[in-house]
Amino acid sequence: MLRSILVALDGSSSSARASRLALKLAQDRDAHIEGIGIVNSAWIQRPEALPIGAIGLKSALDLSKLSTARERIESVVQEFKSKAASSGVLSFNAKSAEGNPVSLVAEAATAHDIVALGKNSIFDIDGELYDLPLCVDKIVREEPRPVLLVPEAQGDDLPVSGRPVVVAFDGSPASSRALHMFALLGFAAGAEVHVLSMAESSGAALNHAKQACELLVRHGSGVAQPVGLGAAEISKHSAEILDYAKRIDAGMIVMGAYGRRGIREIFGSTTREVLNRSAVVLFLHH
């Protein structure tokens, strides 16, 4: 049962969408919600190589940027409080915090069941190699609680409202934990869920998917559809997951993040490909 949600706020459009989704979940489930507005002071005041005489100028610029960031985040926090109050959520709180976003989220998340995060929020590294910000990648990789990763807005609709869910399940520990947390937190209740499993043989994959569907049905899933793909049918794991989600117009993909078996953690891994390319909400747990 979902009792409490933490949502990271930074004023970006994907963060705003994550906030909207989190507020709707809290309203529907009578859950507590807390917003944390993040001022990335560690990045703003980062050490840099400077010419002689430029240290004072940089310090002054940093203080100006920090002041602007504080004002912006305070505005975001107040807006979140206003929306929470008008949404009918029974219990909410919001605050701003300064420092490293990964550490701030990790500390605050201890008191919550799940973290909602904008997919394109908290950019902080010049010349990042991937579309996904490094801070977001680190939160997904290190956070022991499930993470709802919400993409940029593509309209005014809530991104998961009434749409099917794809569970990418291969029997690995990471995907098993994601499956169980999805069910235990009540996300399966009343949902149309398609369990997509991939293994060496289609028979083994289908068996994995059927077992996962049994669990989901016990947790109230309205429809639980098993789909099994063997190695001969798979061109690329991430492509299969994303293409299937697109084909059924899924609103959410559930998967284990950075698992070490089946959907493995390697450069160009399934996790990273889905993180970068998905246009729907991701429910991730490792």
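**Entry 1: surface and overall build**

I looked up the accessible surface of the chain, and it comes to about 13000 Å², of which 52% belongs to carbon and sulfur atoms. Accessible areas here use the Shrake-Rupley method with a 1.4 Å probe, and for residues only the protein chains shown count as cover.

I noted that this is a predicted model, where local features need pLDDT of at least 70, side-chain atom pairs count only at pLDDT 80 or more, and totals for chains, interfaces and linings use all residues. Residues are numbered from 1 along each chain as its sequence is written, and side-chain values use heavy atoms, with hydrogens and water left out.

I then read off nine helices and 10 strands. These are DSSP runs numbered from the N terminus (helices: H or I, at least four residues; strands: E, at least two).

Of the 286 residues in the chain, 53% are buried. Buried means under 20% relative accessible area.

I also checked contacts, meaning heavy atoms within 4.5 Å. Among those between residues at least 6 apart in sequence, 78% join residues at least 24 apart.

**Entry 2: H8 against H9**

How do H8 and H9 pack? Helix H8 (residues 237-247) meets helix H9 (residues 270-277) at an angle of about 35 degrees, with the axes 8 Å apart. Axes are lines fitted to C-alpha atoms over the stretch in contact, and angles run from 0 to 180 degrees between N-to-C directions.

I listed the residues in touch. His237, Ser238, Ala239, Ile241 and Leu242 come from H8, and Thr270, Glu273, Val274 and Arg277 from H9. They divide into four nonpolar, three polar and two charged. In this scheme Ala, Val, Leu, Ile, Met, Phe, Trp, Tyr, Cys and Pro are nonpolar, Asp, Glu, Lys and Arg are charged, and the others, Gly among them, are polar.

**Entry 3: ring pairs**

I counted three aromatic pairs. Rings of Phe, Tyr and Trp (its six-membered ring) pair if their centres lie within 6.5 Å; planes under 30 degrees apart are stacked, over 60 edge-to-face, the rest tilted.

Why is the pair of Phe182 and Phe283 edge-to-face? Because their planes stand at 85 degrees, with the centres 5.7 Å apart. Phe182 lies in helix H6 (residues 173-184) and Phe283 in strand S10 (residues 281-285), so the pair ties together parts 101 residues apart in sequence. Phe182 is buried at 0% relative accessibility, and Phe283 is buried at 0% too.

Phe187 also pairs edge-to-face with Phe283, at 5.4 Å centre to centre and 70 degrees between the planes. Ring pairs link Phe182, Phe187 and Phe283 into a cluster.

Methods:
Buried means under 20% relative accessible area, exposed over 50%, partly exposed in between (1.4 Å probe, protein chains only).
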